[in-house]
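User: I would like to go through this model with you and ask how each label was reached. Please set the values against the definitions as we go.

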Amino acid sequence: MTLQQYFAKYISGETEQIEALCALFSERTLKKKEYPLREGETCKFEAFITKGLLRTYDIDRNGNEQVLFFGTEDWWVTDFDSFMHQTPSRLYIQALEDSELLIITLEDKQYAFEHIPITERLFRLMGLRTHIALQRRMIDMLSKTAEERYHDFLSQYPHIAHRLTNIQMAAYLGVTHEFVSKIRKKISKFAN
C-alpha cells in the first residue's frame, strides 16, 4: 500500500492535500539490525513502514528487553514522546529485517499542520487508532494469561509471528523464551 492509499483510508476526496502531505516525506532504508533510534538520542522522525519489520523496545533495570510493539508494512514507528517534545528517548527502535521507511521530520509535520488542512484530522484519527491498540495491549497484559496473549497475537498478527524469534516474541509477551518455545512446539504437535 502506498502512503497516499493509507491516508485515503482515513480521508477520502482530498487527493490534492494528501499528495501535498506525502511530498513532505522522504525515503530511508535500514539494514537488518540497524537502529534509527537508541536510548538517549532525540527522535527526529515519524515513519511509515513500506517494507520490513521493526521493533520498539526498552531495556529494564535488570537488562531485559521489553518490546512495546512491532511495526511492519503499512504501520508507523516513532517514539512519540521524544519526537513531539524533542527530548532524549528512553526507547530503542531496531530493524529486524531490511526495511524501507517514509519519514517526516517534526518541522515538516508542523508545517503540514499549519498549511495542509487535512493533517490535523488525519493524524487525530491515526492517533486514536494507536491509542486504542495500546489500551487493548495494556488490558491484555494485565488480565490475560501468557498463553492467551500468545494465541491472541497469532490471531491478530499472523503475518508477523513467523518472522519473529522466540526471544523477540517473549520480550513482547512478557514471558521467557522457553515458554514461547514450549507453546510453539505444543501447537506444532497438534498441527501434525
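User: Where does Met138 lie?

Analyst: Met138 lies in helix H5, residues 118-143, where a helix is a DSSP run of H or I with at least four residues, a strand is a run of E with at least two, and both are numbered from the N terminus. This is a predicted model, in which local features need pLDDT of at least 70, side-chain atom pairs count only at pLDDT 80 or more, and totals for chains, interfaces and linings use all residues. Residues are numbered from 1 along each chain as its sequence is written, and side-chain values use heavy atoms, with hydrogens and water left out.

User: Why is Met138 called exposed?

Analyst: Its relative accessibility is 52%, and exposed means over 50%, buried under 20% and partly exposed in between, with a 1.4 Å probe and protein chains only; Met138 therefore counts as exposed.

User: What is the volume of the largest pocket, and what makes a space a pocket?

Analyst: The volume is about 930 Å³. A pocket is an open set of points on a 1 Å grid over the protein atoms alone, where a 1.4 Å probe fits, with protein on both sides within 12 Å along at least five of seven lines; lining residues have an atom within 4 Å of a point. Of the 36 residues lining the largest pocket, Arg129, Thr130, Ala133, Leu134 and Tyr157 are the closest to its centre.

User: Which element gives the largest share of that lining?

Analyst: H5 does, with 14 residues in the lining of the largest pocket.

Key. Grid points are joined across faces, edges and corners, and a volume is the space filled by probe spheres set on the points.
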